[in-house]
Amino acid sequence: METRQEAKDALERILASANNCIQPNGLGPLIAALSTRMEDPCKNVARDFIALAGNLAEAMGVGCKQHAKAILPELIRKLADKQLAIRSETVAAMDKFSKAAGVETVLNCIAPLLGEEKPELRLEALTWILNNKEHLDKADGYAFVNPLVGVMQDKLQEIRSLGEQVISIVIAQVGYLPFAEATKTLKPAVRQSIEAVLKKHKGSENSMQNAMDSMREQILIKTEKSKKHTYNAVSYTHLRAHETGRNLVCRLLLEKKKKKKKKKKKQKEKQKKRKKKQ
């Protein structure tokens, strides 16, 4: 534990001596080590390294964006910790990352983690999203669809309620259809309850999204209709027997073209072989 504490103190001194302003290049191994240390069994050590991750993001500024995928998912997972102190420190670090790299960077990393069935993580993450809801339009709304459908199946009413609030914002961005399609594989009873929530917020879609959804619906209807029409396979001999004069000419021209291509290919291969022999 003393070695870890010494390493943390040394890093803090480096940040202080650089006036809390460093370049993000070449920090890959350090970021990887930080991600590991946040999982330390000693809660005090883990909390210190979570705080250090936030300070490091602050020192890197916009440059921390290039390390977001490496460290943010592990940081956000600390929201699942049973200790309030760890979760509070994680939220503070997330705020520092969002200030440095942009809120949408953190939101995009949160989206897939909502699919994990961890109540503390979902509660804290959904609360953080709603506290930063004005930035949701900059994030990838489609990445939230499946995880939010999972959130709506959570046992806790509080989580489902927060999830519904986020859905009401995201559905305005991506439309109703992506959510409806995400519920297709669910059990009928679960699907009906989620669809009721989705339909309640369907009116919050913008006019452009409504137009896109209606186009998608028409395409889906046409696709379903085309699936109903089946065609029996016929042999090549059968096709030749019913060949018209015009089709015959087309076929002969195509066959001639193919023969020419084959002939050219053979000539090139022969030339290559001659060159090799020489």
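Helices (H or I, at least four residues) and strands (E, at least two) are DSSP runs, numbered from the N terminus. This is a predicted model, in which local features need pLDDT of at least 70 and side-chain atom pairs count only at pLDDT 80 or more, while totals for chains, interfaces and linings use all residues. Residues are numbered from 1 along each chain as its sequence is written, and side-chain values use heavy atoms, with hydrogens and water left out.

The protein has 14 helices and 0 strands. Read from the N terminus, the order of elements is therefore α-α-α-α-α-α-α-α-α-α-α-α-α-α. Of its 278 residues, 37% count as buried; buried means under 20% relative accessible area, exposed over 50%, and partly exposed in between (1.4 Å probe, protein chains only). Contact means heavy atoms within 4.5 Å. Among the contacts with a separation of 6 or more, 72% are between residues 24 or more positions apart.

Helix α6 spans residues 103–113. Because 8 of its 11 residues are buried, α6 is largely enclosed by the rest of the structure. The buried residues of α6 are V103, T105, V106, L107, C109, I110, A111 and L113. Their cover includes α4 (68–77), α5 (84–101), α7 (119–131) and α8.

Two packed helices are described by the angle between their axes and the distance between the axes. For α6 and α8 (residues 142–151), the angle is about 35° and the axes are 8 Å apart. Here axes are lines fitted to C-alpha atoms, for helices over the stretch in contact, and angles run from 0 to 180 degrees between N-to-C directions. The crossing of α6 and α8 is left-handed, a term used if the near helix is turned anticlockwise from the far one by less than a right angle, with right-handed used if clockwise. On the α6 side the contact is made by L107, A111 and P112, and on the α8 side by A143, F144 and P147. By class, this contact has 6 nonpolar, no polar and no charged residues. In this scheme Ala, Val, Leu, Ile, Met, Phe, Trp, Tyr, Cys and Pro count as nonpolar, Asp, Glu, Lys and Arg as charged, and the others, Gly among them, as polar.

Where is K138 placed? K138 sits in the loop between α7 and α8. It is exposed, with a relative accessible area of 53%. The C-alpha atoms of K138 and V103 are separated by 8.5 Å, although the two residues are 35 residues apart along the chain. Q173, in helix α9 (residues 157–174), is also 35 residues from K138 along the chain, with 9.7 Å between the C-alpha atoms. Q173 is partly exposed, with a relative accessible area of 27%.

Two residues from earlier in the chain follow. K43 lies in helix α3 (residues 43–60) and is partly exposed, at 33% relative accessible area. Leaving aside neighbours within four places in sequence, K43 is in contact with D81, Q83 and I86. K43 and D81 are 38 residues apart in sequence and 9.8 Å apart in space, C-alpha to C-alpha. A70 is found in helix α4 and is partly exposed, with a relative accessible area of 48%. Not counting residues up to four places away in sequence, A70 touches I31 and S35. From A70 to I31 the C-alpha to C-alpha distance is 7.2 Å, and the two are 39 residues apart in sequence.

The last stop is the largest pocket. It is lined by E117, K118, P119, R122, G150, Q153, D154, K155 and L156. These lining residues divide into 2 nonpolar, 2 polar and 5 charged. About 190 Å³ of space lies in this pocket. On a 1 Å grid over the protein atoms alone, a pocket is an open set of points with protein on both sides within 12 Å along at least five of seven lines, whereas a cavity is a set of points where a 1.4 Å probe fits but cannot get out; lining residues have an atom within 4 Å of a point. Grid points are joined across faces, edges and corners, and a volume is the space filled by probe spheres set on the points.
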